[in-house]
Amino acid sequence: MATRIGHLLHRAPGASTPVPDDDDDGANPRGATDADAAPSTPPHGAGRTVQLGDLVVVYEGFNRQKAVTVTEKGCYQNRYGNFHHREWVGKPYGSKVYGKGDAGFVWLLAPTPELWTKVLPHRTQILYLPDISLVCHALELKPGSVVLESGTGSGSLTHSLIRAVAPTGHVYTFEFNRVRAEAASAEIVDHGLADFCTVTHRDIEANGFPGELEDRCDAAFLDLPGPWKCIPSVAKCLRPDGVVCSFSPCIEQVQRCCEALEANGFGDCQTVELLGREYDVEARELQRDLALAQPKLSSRWKREAKEKARRKRKHVDGGDGDGDGDGGGDVQLEPKPVVVAHPRQEAQHHTGYLTFARLSPLVTGEMIDAARAAGGGGTRRRGGGGYDEDELSE
Amino acid sequence: MTELGGLPGAPPPPTLPGVKTAPAMGVGDTVLLEMNGDKWAFIKLKRDGTAVIGKHKDVSLAPLIGAPFGSTYEVDQDGVLYPAQPDPPEWTAGDDAINAIDDDRNNADVNDMRDNSAQRMDQHDIARLKREGVGGRSLVEALAASSATFAKKTAYAQEKYVKKKLRKHLVRCRARRPTPRAVCEAYFHKQPAATNYVRYDALGMLLALGNVGAEAQPLIVETCGGLIVGAVAERMGGRGRVVAGHTGPSAPSLDIARLMNLGDAERESIATAPVTELIAARARHAGIGGEGDEDDSAKEIDSGNANGAADGVDKAEGDEAEGGKDAEGGKDAEGGKDAEGDKDALQERVPRERPEGWRSRRIESASPALIRELASPAQGFTSLILAAPALDPSSALAKLLPLLAPSAPFAVWSYAPQPLAEALDELRRSSSAVNLTLQEPWLRRHQVLPRRTHPTMTTTAGSGGYVLSGNYIPEGERKRQRGDDDETAVKRARTGGAD
């Protein structure tokens with residue numbers, strides 16, 4: 001029944017095949033293994049345990065993780081040792097696995113779009129979690145939404161867009177570099193997401209979005225050097241009240257984009273800058289004794305680990321917590337552990353501006369007149385507060 | 001001939017989606033009226049409904065019905081609401097505005113005249129003009145013309161003056177669709193305490209870090225009035241199960257979720273459940289160690305019913321329990337069955353004829369059978385989102401994380417970093433999670449206008465609170481084993497590792 005964890009997308013419990021696309025995988029030259037036998041695994045627990053062909057995120061440590069596709073003969077090597085994939089098969093996600101010999105260990109995590117963003121092969125600059133999450137949320141995506149994206153780049157945002165609109169919606173993503181488009185398309189197919197996403201090689205700035213998508217989209221995301229060039233095309237593709245978002249690193253790009261948005265019937269234009277400020281958290285022992293020299297700040301991790309080990313040994317030897325000092329009145333000078341959080345100095349994000357705008361529903365003079373006549377009855381007087389000056393003076 | 005797809009190895013693109021029309025405002029829908037960009041009102045549309053807009057008490061909302069969401073309206077001095085052009089142009093207004101930066105005028109001679117002596121008209125004059133039918137823009141023009149200082153101001157300052165006065169004399173409103181983003185923004189500006197000051201970017205971050213998507217089964221524990229539960233339910237599109245866990249015996253208000261025009265499937269995908277019940281059910285599963293034998297299930301339903309009665313949830317509970325049992329056979333049928341049960345139950349309760357646009361706003365509490373199913377170790381929640389800043393995150397996570405599927409992500413929001421930092425430290429020491437991250441969404445809005453682009457002046461510090469996130473590691477995978485000596489631990493600790 002529980003088949004929800006273990007794939008980039010959640011699956012309905014009891015779904016007979018892991019992803020609807022699996023049937024096509026046999027024809028896929030990159031399918032590497034007999035992994036596509038996955039549908040034959042019993043539904044109960046399938047997807048919770050590592051299977052051949054699964055995409056696994058191997059977690060070594062903070063910001064040290066890798067994407068690995070589990071294969072029959074595969075072997076993952078790192079500084080902690082050699083890990084044979086076949087030993088992972090059948091283990092639940094979240095397992096700690098050990099390398100050959102008495103080596104170290106890694107954790108096997110089920111992939112999510114967030115983890116994918118951390119491990120994906122960079123073909124371009126990518127968007128990171130804070131921007132991605134804001135884009136998906138502010139584009140007001142939900143299952144069934146149809147969304148445009150250009151360019152595809154490394155597909156970092158693409159995976160999150162797919163999660164937001166699947167299984168009934170679709171992501172149409174366009175990349176003007178053929179090699180990158182092909183790589184992204186292969187990735188989408190490998191990840192079993194082709195039913196929810198179509199990658200197309202196309203220069204959107206030069207050609208706009210394909211005419212066949214006109215009036216069929218709920219939202220659009222642009223990460224282009226000249227987004228203003230394709231705004232008329234976006235306006236044709238979106239339904240009224242649909243949202244467009246453009247990401248630009250330079251404010252001059254934002255300005256030209258805003259001008260084009262206004263000229264093409266978009267309103268509610270908002271530009272924001274978002275950072276995800278990450279914090280380091282440490283349990284520190286702050287020294288209270290002013291008579292002692294202070295240890296170097298840089299060695300705190302080592303010192304703390306040593307201290308911890310020493311205290312532990314003492315504990316085992318029958319000492320107690322107080323035994324550390326010389327006894328007597330020193331107790332209040334014991335180091336006091338405090339948890340501190342401080343902003344991480346080197347942060348991994350590309351700062352840019354996100355501009356959101358909404359396609360305004362069309363309003364005609366007749367609609368305005370009709371509503372005013374109906375609402376005002378016979379009491380309508382000259383010089384009301386209409387926006388259109390001509391309309392006022394009639 | 002399609003221009004889409006066509007890359008090697010990719011299947012042909014699926015059939016094109018249908019033509020989309022703008023979602024229209026219907027009777028029974030909730031509409032978020034944004035007035036002059038600084039006031040918000042949630043209005044449930046009724047036929048012949050009215051609303052208070054600006055100084056007008058009884059404004060007919062008839063023009064909204066059938067019009068697309070996102071439409072803009074104005075209200076004239078007679079209190080008549082009518083559709084209006086969306087936004088006055090800023091960029092395409094002509095060269096005057098764009099060259100305003102070369103304006104040589106300045107405020108050297110413009111003083112802050114507290115006695116209002118700059119304005120020659122007094123309130124009687126204004127009232128007289130209004131009686132004569134001069135309102136809105138015309139009135140503001142008249143005010144500017146009779147201001148002693150207006151002409152001396154720079155073009156920017158003039159524009160600011162006009163905008164300020166317009167705000168007072170003309171109400172422009174946008175009828176927004178109450179999407180989670182719009183609802184979140186409106187509450188953040190209007191009544192932030194109701195949603196615990198969760199800003200829309202933080203909400204988006206929780207949805208992403210909570211891996212929310214169709215067919216998920218997240219556990220949400222929030223005290224944000226239902227904002228997060230509603231946003232999660234919408235993002236899942238009625239597919240999967242949203243469990244709104246609560247502390248204490250009765251579910252907290254989810255009224256804000258009810259503002260989001262959720263469809264029946266989305267609303268019915270939500271079930272409230274006391275977290276203590278979930279934890280107890282998991283403990284019973286663990287105690288038996290078996291795969292739910294019959295005696296056990298009968299017992300649980302009994303005890304659960306007693307509980308349900310105490311919560312004041314009566315008849316529907318029984319219906320739901322039956323639905324839950326059936327669902328074990330074929331889960332797909334569950335949505336339909338629940339819907340019928342729901343309707344039956346409500347028909348009995350509401351014998352009167354329902355008004356036009358009536359829709360159920362009922363959110364069910366989880367039946368004992370469902371609680372038992374959710375707490376099954378073979379099931380597990382796909383993620384946890386915790387946004388209840390009054391709860392100690394360390395203790396809450398210690399109890400709630402074991403309900404998750406191994407490796408499942410979790411995200412915890414708080415307005416303060418310290419409780420989250422302590423929780424992170426605790427999780428790291430106990431190795432209950434990896435990929436631990438504490439971050440603060442920091443957002444700033446910019447005014448982007450011709451030759452006058454700058455960060456928007458706000459009264460907020462930019463912080464959207466703090467989010468702790470990670471992936472859950474079950475207990476059996478944490479203990480130190482061979483190869484994991486102190487040295488490795490130190491190495492890992494140094495790199496901020498999650499040991």
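Trainee: In what sense do strand 1 and strand 2 of chain B pair, and over how many bridges?
Mentor: Strand 1 (residues 30-35) and strand 2 (residues 39-44) of chain B are antiparallel, with six bridges between them. Two strands count as paired if DSSP finds at least two bridges between them. Helices (H or I, at least four residues) and strands (E, at least two) are DSSP runs, numbered from the N terminus. This is a predicted model, in which local features need pLDDT of at least 70 and side-chain atom pairs count only at pLDDT 80 or more, while totals for chains, interfaces and linings use all residues. Residues are numbered from 1 along each chain as its sequence is written, chains are lettered from A and ligands numbered from 1 in the order in which they are written, and side-chain values use heavy atoms, with hydrogens and water left out.

Trainee: Which residue is the bridge partner of B:Leu32 in strand 2?
Mentor: B:Leu32 has B:Phe42 as its bridge partner there. Strand 1 and strand 2 of chain B form a hairpin with three residues between them. In the turn, B:Asn36 has a positive phi of about 50 degrees.

Trainee: Where else in chain B is there a positive phi in a residue other than glycine?
Mentor: B:Asn261 has one, near 50 degrees. B:Asn261 lies in the loop between helix 8 (255-258) and helix 9 (264-268) of chain B. Most residues other than glycine have a negative phi, and most peptide bonds are trans.

Trainee: How many helices and strands does chain B have?
Mentor: Chain B has 17 helices and 16 strands. Of its 499 residues, 54% are buried, where buried means under 20% relative accessible area, exposed over 50%, and partly exposed in between (1.4 Å probe, protein chains only). Taking contacts in chain B between residues at least 6 apart in sequence, 71% join residues at least 24 apart. Contact means heavy atoms within 4.5 Å.

Trainee: Is B:Gly70 buried or exposed?
Mentor: B:Gly70 counts as buried because its relative accessible area is 6%. B:Gly70 sits in the loop between strand 4 (56-60) and strand 5 (72-75) of chain B.

Trainee: Which residues does B:Gly70 touch?
Mentor: Leaving out residues up to four places away in sequence, B:Gly70 touches A:Asp241, A:Pro361, B:Arg174 and B:Ala175. As for B:Leu32, 38 residues apart from B:Gly70 along the chain, the two C-alpha atoms are separated by 9.6 Å.

Trainee: On to the interface. How many residues does the contact take from each chain?
Mentor: It takes 137 residues from chain B and 133 residues from chain A. The two chains bury about 11,500 Å² between them, and 56% of that is on carbon and sulfur atoms. Buried area is the accessible area (1.4 Å probe) that two parts lose on being put together, summed over both.

Trainee: How many salt bridges are there between chain B and chain A?
Mentor: The count is seven. A salt bridge is a side-chain nitrogen of Lys or Arg within 4 Å of a carboxyl oxygen of Asp or Glu. One of them joins the side chains of A:Lys142 and B:Glu266, at 4.0 Å from N to O.

Trainee: Which element of chain B gives the largest share of the side that touches chain A?
Mentor: Strand 14 (residues 433-447) of chain B does, with 13 residues. Strand 14 of chain B runs antiparallel to strand 12 (residues 266-286) of chain A, and nine bridges join them. Within that pairing, A:Glu278 has B:Gln439 as its bridge partner.

Trainee: Switching to chain A, why is helix 3 called largely enclosed?
Mentor: Helix 3 (residues 156-165) of chain A is largely enclosed by the rest of the structure because 10 of its 10 residues are buried. Among them are A:His159 and A:Arg163.

Trainee: Where are the cis peptide bonds around there?
Mentor: One joins A:Ser150 and A:Gly151, with omega about -10 degrees. A:Gly151 is in the loop between strand 7 (146-150) and helix 3 of chain A. Another joins A:Ala166 and A:Pro167, with omega about 0 degrees. A:Pro167 is in the loop between helix 3 and strand 8 (170-175) of chain A.

Trainee: What about A:Asp215, what is its phi?
Mentor: The phi of A:Asp215 is near 65 degrees, a positive value. A:Asp215 counts as partly exposed because its relative accessibility is 39%.
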